[in-house]
Amino acid sequence: MSNEEKKLKMVRIYIMGKMYEVPEGLTIMKAMEYAGYRFIRGCGCRGGFCGACATIYRIGNDYKLYTGLACQTTVQDGMYLVQIPFVPAEKPKYNIEKLRPTASTVLYIFPEITRCVACNTCTKSCPQNLEVMDAIQSLIRGDLIKAAELSFDCIACGICSMRCPAEIVHYQVFQLVRRLYGKYLAKKAKHLEERVNEILQGKYAEELEKLTKMSVEELKKLYQSREIET
Amino acid sequence: MAHESVYPEEMRESIEKVEETRDRRLKEAFRRITPEEKDELLRKWHPDFRPEGKRPLKIGPSKGLVVPHEVADLIEAYPLIDPSQIDLSRIDYDVDILIIGGGGAGASAALWAHNSGIPAERILIATKLRFGDANTKMAQGGIQAADRPNDSPILHFIDVMGGGHYANKPELVKTLVENAPFIIKWLEDLGVMFDKDEEGNMIELPGGGTCRKRLHACKDYTGLEIMRVLMDEVLNRGIKVIEFSPAIELLTDPDTGRVTGAVLWNLETKEYYIARGKAVILTTGGFGRLHIQNFPTTNHYGATMDGVVMAYRVGARLRDLDATQYHPTGAAYPEQIVGLLVTEKVRGLGAQLVNVDGEQFIYPLEPRDVVAAAIIRECYGRNKGVVTPTGMRGVWLDTPMIEIIHGEGTIKKSLAAIYRMFSRFGIDPTKEPILVFPTLHYMNGGVEINVNAQVLNAKGEPIPGFFAAGEVCGGVHGKNRLMGNSLLEITVFGRIAGISAAKYVQNVEPGKLSLKHIERYVEMLKEAKIPETRKSPMILPEYRGEKVLSRAISLFKL
C-alpha cells in the first residue's frame with residue numbers, strides 16, 4: 001500500500017497528550033511509529049505474544065479507561081494513549097524441585113492472593129480475554145489445575161496487575177501454578193522416557209553415524225522412499 | 001453466511017466458492033509433488049532464486065558467499081563505534097560466561113552452564129530488549145522429537161536432511177535429532193505444559209516435510225510456554241540479566257584472537273559498558289526485521305542479525321545465508337496483521353490451501369519452501385489469488401475444515417492464539433477461511449559451529465572462547481528448516497553451548513580486551529571501497545513515518 005495507490009484517510013490521536021494525524025486502520029503501535037516515535041520500550045514481538053506493549057487509553061469524552069495491546073488494537077479517532085512500559089513487580093525465587101503441587105504452596109509464596117475482593121477488574125482489563133479473576137478464585141478454593149488451565153494463554157502484559165486493588169501480580173502467580181501443574185500433576189509421557197533411555201543405551205548411535213557419512217544420492221533415495229504416516 | 005462478515009464483497013464471493021467445494025475437498029487429498037516438479041517450482045517462484053536479490057560478499061572470512069543484499073549491506077558496513085574512543089580498562093561486568101541474547105537459546109545456555117557448576121553470579125545474560133523478547137516466544141506450532149514407537153531419530157534425521165536439500169552439516173543434524181527426546185524430557189521436568197492425552201502420552205501432529213507425527217505442542221503457544229518456563233527458572237537460579245543493553249561489538253585478545261567480552265550499549269542512557277567473559281556465547285537470533293526482498297515478517301522487533309555482523313568481524317565463517325525461509329502462511333488480511341504468523345499447525349490439523357475458485361493447488365504439508373513457492377505461483381503466475389482492498393494478494397487457508405474434521409471447538413482449544421488474532425479484527429476462523437501469503441520467517445543460515453557449539457573460523461577451526469547457538473547459527477537446517485526444529489535447535493544447542501563454555505572456562509584466565517579485529521576490519525572495508533555511511537549492527541529497525549505502512553509485494557507483479 002503506497003499513498004499513490006490509496007488516498008489515506010486520517011484520524012486524530014493523542015499520544016501522551018499531543019495530537020497527531022495518522023492513517024486510519026493502523027494498529028496503535030504502527031500509528032505511533034507513523035507519528036514519529038521509535039520504540040525502545042513498549043514494543044516486542046509485534047504479534048500479540050509477548051505482552052511488551054500494554055497500553056491504556058480513553059476515547060473522546062468517554063470517562064472510561066480502556067486497555068489493550070498496542071500491536072493488536074486499531075486506532076480510533078479521538079484516542080488518548082499512554083503506554084505502560086513496565087510493571088515494577090518483584091519476582092519471588094523458589095526451587096521448583098522442592099515444592100508441593102498444591103494451591104497452598106501458591107498461597108504461601110503469594111499470600112496477597114487472599115486479598116482478592118472479586119471485583120473482576122483484572123478480567124475486564126485482560127487483552128487476551130482470560131477469566132483472570134476466576135483463576136485467582138480457583139486457587140483460593142484450592143483448585144490448582146483449573147487455575148493452570150484458565151491462565152494458560154497469559155502473555156504477562158501486566159495490565160491486570162496494574163489495575164488490581166489487591167496488588168496481586170497475577171502473571172507471576174500463574175507462572176508458578178502452571179509449572180507445578182506441568183511438572184507434578186500432568187502425567188509423564190512414558191513413551192518419551194523409553195525413547196530417552198534407548199538413546200542413552202546407544203540404540204541409534206551406529207546407524208546415525210552411518211547416515212552422517214552417506215552420499216547425497218543415498219540420502220535422496222532414503223528420503224524419497226520413506227513411508228509417510230497419515 | 002449466518003454471521004456478520006467483515007470481508008469485503010469481492011472476497012466474500014470467493015469465500016462462497018470455497019464453501020461450495022468444501023464437502024468435496026474434505027474427501028480429496030492433493031497429490032504430492034515429484035522431485036522434478038519441486039525443483040522447477042522452487043527455481044521459478046521461490047524468492048531465493050531471484051538472482052537480482054543477492055550478491056557475493058566482498059570481504060571477510062566468507063568472501064564470495066552469496067547473500068541477500070540486505071545481509072551484505074550490514075556485513076559490508078562500518079562499526080558504530082570508533083575503537084579509539086572506547087575505554088577498555090574500565091570493566092563494568094566481569095564474569096565467567098557472557099551470554100549475548102536473552103531468547104530461548106541464551107536461557108538454555110545459562111541454565112546448563114549453571115547445571116555444569118558455574119555459579120549464578122558468574123553468568124551474565126545481556127539482551128537488547130526485555131529478557132525473553134525473542135522469536136522463541138512467537139513460535140506457535142511445536143517442537144519436534146522422535147519419541148513415538150513408530151518413529152525414530154533415524155527418520156527425523158532423514159526428514160531434516162531432505163527438507164534442507166541435503167545442504168545441512170550432517171553431524172549437527174545428528175546432534176539435533178539424537179538429543180531431541182532428552183530435551184523434551186528436560187522441558188517436561190521443568191514444568192512445561194505439553195498437550196497430552198489422559199494417559200500422559202504426548203499428542204503429536206505432523207508438520208510440513210515430516211514423515212511421522214512428531215510435533216509436540218502447547219496449544220499454539222508452544223514457544224511462549226517454553227520461553228516463560230526457561231525465564232522463570234533462570235530468574236529462580238539468580239542468574240543476572242541486563243536488559244535494553246545489546247552488544248554492539250565483541251572484544252578479542254589481540255594476540256590469540258580469542259573472544260573475551262563485548263561492548264554493550266545501554267539503549268536508554270546511550271552509554272556503553274564493557275563486559276568481560278572468560279567465554280562468550282552468542283544467541284542473538286535471526287534477521288526477519290531486515291525485510292529481505294521487501295517481504296513482511298513474522299519476526300520479533302529485535303531480529304536484526306546483529307550477532308552475525310559481530311561474529312563476522314572476529315573472523316567467524318558464515319554459511320547457507322543465501323537461503324531465506326518464507327513461511328508459507330503469513331496473514332494477508334486484514335491490514336493490521338499482515339505478515340504475522342499463521343502456524344503450520346493449522347495445516348497439520350487438516351486445513352487446505354485453496355485459490356480464488358475454491359480449488360486446491362498444492363499438498364498442504366510439503367516442506368515450507370515448496371508451499372511458499374506454490375502460493376506465490378498461484379497468486380502471481382496463474383492469477384488465481386484473492387486480491388485485498390489494499391492490493392495485497394493471497395490464498396485461502398480453509399480453517400472451518402478443522403472444526404468438521406476434529407469436531408466443534410477444536411480451533412478455540414488447539415489454535416487459541418490464531419482464533420484470538422483473527423477474532424480481534426472481526427474474522428471468525430471457525431466459520432470463515434483466512435487469507436494468507438508467504439512472509440519472511442527464518443534465517444536458515446548463519447555462523448558456522450561444530451557439534452560442541454564452538455564458532456568456527458575461515459579454516460574451520462574453533463575460535464577460542466567463542467560459542468553460539470540458535471538461529472544465529474547455520475548448518476543445522478541446510479537450505480530450508482522444517483517446522484518444529486527451531487525450538488529444538490535453540491534448546492539442544494543452547495544446552496551444548498552452556499556445557500561447552502562451562503568446561504572451557506575451568507582452565508583459562510580472563511583474556512585481554514581489545515578492538516584490534518575492528519581496526520583490521522575497517523581497513524578491509526576501506527580497501528574494498530565500501531561507502532563509509534554504511535553502519536552496523538542495526539540494533540532496531542526504522543519504521544518512523546511512511547516506512548511503517550505495509551510493504552507492497554510488487555516483486556511478482558504480472
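In chain B, the centres of domain 1 and domain 2, taken over C-alpha atoms, are 35 Å apart. This is a predicted model, in which local features need pLDDT of at least 70 and side-chain atom pairs count only at pLDDT 80 or more, while totals for chains, interfaces and linings use all residues. Residues are numbered from 1 along each chain as its sequence is written, and chains are lettered from A and ligands numbered from 1 in the order in which they are written.

The domain bounds come from an automatic or database domain assignment. For chain B, domain 1 is 9-49 + 325-441, and domain 2 is 83-138 + 169-176 + 239-323 + 444-521.

Now the contacts between these domains. Two residues are in contact if their C-beta atoms, placed from the backbone, lie within 7 Å. On that basis, 17 residues of domain 1 of chain B touch 16 residues of domain 2 of chain B. On the domain 1 side, β13 (324-331), α11 (368-381) and β17 (434-443) of chain B each give at least two residues. The largest share, four residues, is from β13(B). Helices (H or I, at least four residues) and strands (E, at least two) are DSSP runs, numbered from the N terminus.

Next, chain A. Here 74 residues of chain B are in contact with 67 residues of chain A. Elements of chain B that supply two or more residues to this side include α6 (153-163), α8 (222-237) and α14 (416-423). The largest share of this side of chain B, 11 residues, comes from α7(B), a helix that spans 170-190.
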